[in-house]
Amino acid sequence: MKRIFPLIILLVALSLVGIIVIQISWFRSMLVVKEEQLADNIVKAMSQTGEELMAQKGTLPSLKNRRMRPNLSWPSDQLMMELMKPSTISEKFTPFEVQEKLRKNFNAFGLKDTRFEFLITSDAGFLTYDELRSPGFDRVFEDTLRNRRFIYPLLIPGGSNMEGLVPEEAMVVVVPNVKNIVFKELRWMLSGAILFTLILLAAFYVTVSALLRQKKLSEIKNDFINNMTHEFKTPLATISLAVDALRTEKVSNDKEKMQYFTGIIKEENKRMNKQVETILQAALMDRQEINLNKKPVHVHALIEQVLENFDLQLQHKNGYADVQLNAKNDLIMADEVHFTNLINNLVDNAVKYSKDNLVLKIATSSTGKGISIRIEDNGIGMTKESVKRIFEKFYRVHTGNLHNVKGFGLGLSYVKTIVDAHHGKIKVDSTLGKGTSFTIEMPYGKEST
């Protein structure tokens, strides 16, 4: 599992990167295709407009916009040639009319919202001059990075009688911000691609999280099995030795020794029962089947009762308990059995995770809505990371050089569950190497106020 897990993560990550790269390549190719389609439609619109404009060149010239040279007189050959010469675009149409024709054809080819500016040029010999232009043409003409130019020659059909009589003309159309236009056309595809990528990232996150949880659960399971085996193996070995001793004639004939060894068997049996009860409590917490039998409980009396059971362990640690029961009202509505186990677990942790010269401080105080219980020790303390995880089931704090700490990592998880079941709050403060304090706030309840 340890070798397969990184490989699975790597394969999933590579697959995700590959899909994202394919999406980026696809989108770039779509940009190119859409831009070419846009250019093709623009050219078609210009071609249609050019044909409409050049259709006028096949008709007799109009005198509407004809500008005569001042040195021509009537009648004269020069004047007749001037009158019969086909008109240019600027002599037939105004800028507004050309723009309207372009707009009509742009709309016909699916370019309804596409902005454009235009210019009509004439080529007379070696000179090129501008005939017509839209008002904003000069502003967009110079920017070749964002804007795209299109040129369409306005030529009289070959073999026509008018061929060679008028200057060659061309239509120049500039479309601003071509990339933006293409992006707008692809916005739904882009949105779909982004959404699909986010879904892939979410799936990748869920997959990795599930794998990490699975790995963590596997490690927790192995630790739990090892701890449980150790916790049961030690009392069973002790009971086995005590039974073997009781079978010997020397012990069986000595009443005091028989009582000693039977006492050992009884204590070890209690110890095993306590471990079994802890595991059963954890199963009940998983199924949320803890039934509280709430009744009035005096917290001070309960704390004193618990401390009596730890006298020998405190003496063994060369420690003492500093008890300051200052709460004016210590009566709460609680399940006596579970609340006793709660205090017992916190005191037991303080003793287990402390070295010699233990100072156990237990203090109570009244709050606005209930009672505050603070249990503090000067033990080994915890890191910030451990503080965040101590209420997790099966989690055990690293004890460094202390190798005599036993348990399943269920005690504090049970404490948190019981506090929550009583609608209380629990807070942890700890400094590595200096000690840990637990502060519990319990409400009085209806019958306690």
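**Exercise 1. Ser354**

Determine whether Ser354 is buried or exposed in this predicted model, and state which residues Ser354 touches, not counting residues up to four places away in sequence.

*Solution.* Step 1: the relative accessibility of Ser354 is 1%. Step 2: a residue is called buried when this value is under 20%. Step 3: Ser354 therefore counts as buried. Step 4: Ser354 is placed in the loop between α12 (336-352) and β8 (359-366). Step 5: once residues up to four places away in sequence are set aside, Ser354 touches Lys317, Asp377 and Gly379.

**Exercise 2. His300**

Describe the surroundings of His300: in which helix does His300 lie, and with which side chain does the side chain of His300 make a polar contact?

*Solution.* Step 1: His300 belongs to helix α10, which covers residues 299-308. Step 2: with a relative accessible area of 13%, His300 is buried, since the limit for this class is under 20%. Step 3: leaving out residues up to four places away in sequence, the residues that His300 touches are Leu325, Ala327, Asp330, Thr364 and Ile371. Step 4: one of these, Thr364, also takes part in a polar contact of 2.9 Å, side chain to side chain, with His300.

**Exercise 3. Ile89**

State where Ile89 lies and how many residues separate Ile89 from Met54 in sequence.

*Solution.* Step 1: Ile89 is found in helix α3 (residues 89-92). Step 2: the relative accessible area of Ile89 is 1%, and the residue is buried. Step 3: Ile89 and Met54 are 35 residues apart in sequence, while their C-alpha atoms are 8.1 Å apart in space.

**Exercise 4. Helix α4**

Check the span of helix α4 (residues 95-108), and then decide where the buried residues of α4 lie around its axis.

*Solution.* Step 1: helix α4 has 14 residues, and at 1.5 Å a residue it should span 20 Å. Step 3: the buried residues of α4 are Val98, Leu102, Asn105 and Phe106. Step 4: viewed down the axis of α4, these buried residues fall within an arc of 105 degrees, so they line one face of the helix. Step 5: Phe96 and Ala108, on the other side of α4, are exposed. Step 6: just after α4 comes Gly110, with a positive phi of about 75 degrees.

**Exercise 5. Strand β4**

Explain why strand β4 (residues 168-175) is described as largely enclosed, and state in which sense β3 and β4 pair.

*Solution.* Step 1: seven of the eight residues of β4 are buried, so this strand is largely enclosed by the rest of the structure. Step 2: strand β3 (residues 148-154) pairs with β4 in the antiparallel sense, over seven bridges. Step 3: Arg149 stands opposite Val174 in β4.

Note on methods
Residues are numbered from 1 along each chain as its sequence is written. This is a predicted model: local features need pLDDT of at least 70, side-chain atom pairs count only at pLDDT 80 or more; totals for chains, interfaces and linings use all residues. Side-chain values use heavy atoms; hydrogens and water are left out. Helices (H or I, at least four residues) and strands (E, at least two) are DSSP runs, numbered from the N terminus. Buried means under 20% relative accessible area, exposed over 50%, partly exposed in between (1.4 Å probe, protein chains only). A polar contact is a pair of N or O atoms within 3.5 Å; within protein, one must be able to donate a hydrogen and the other to accept it, and residues adjacent in sequence count only if both atoms are side-chain atoms. Contact means heavy atoms within 4.5 Å. The expected span of a helix is 1.5 Å times one less than its number of residues. The arc is that of the directions from the helix axis to the C-beta atoms. Two strands pair if DSSP finds at least two bridges between them.
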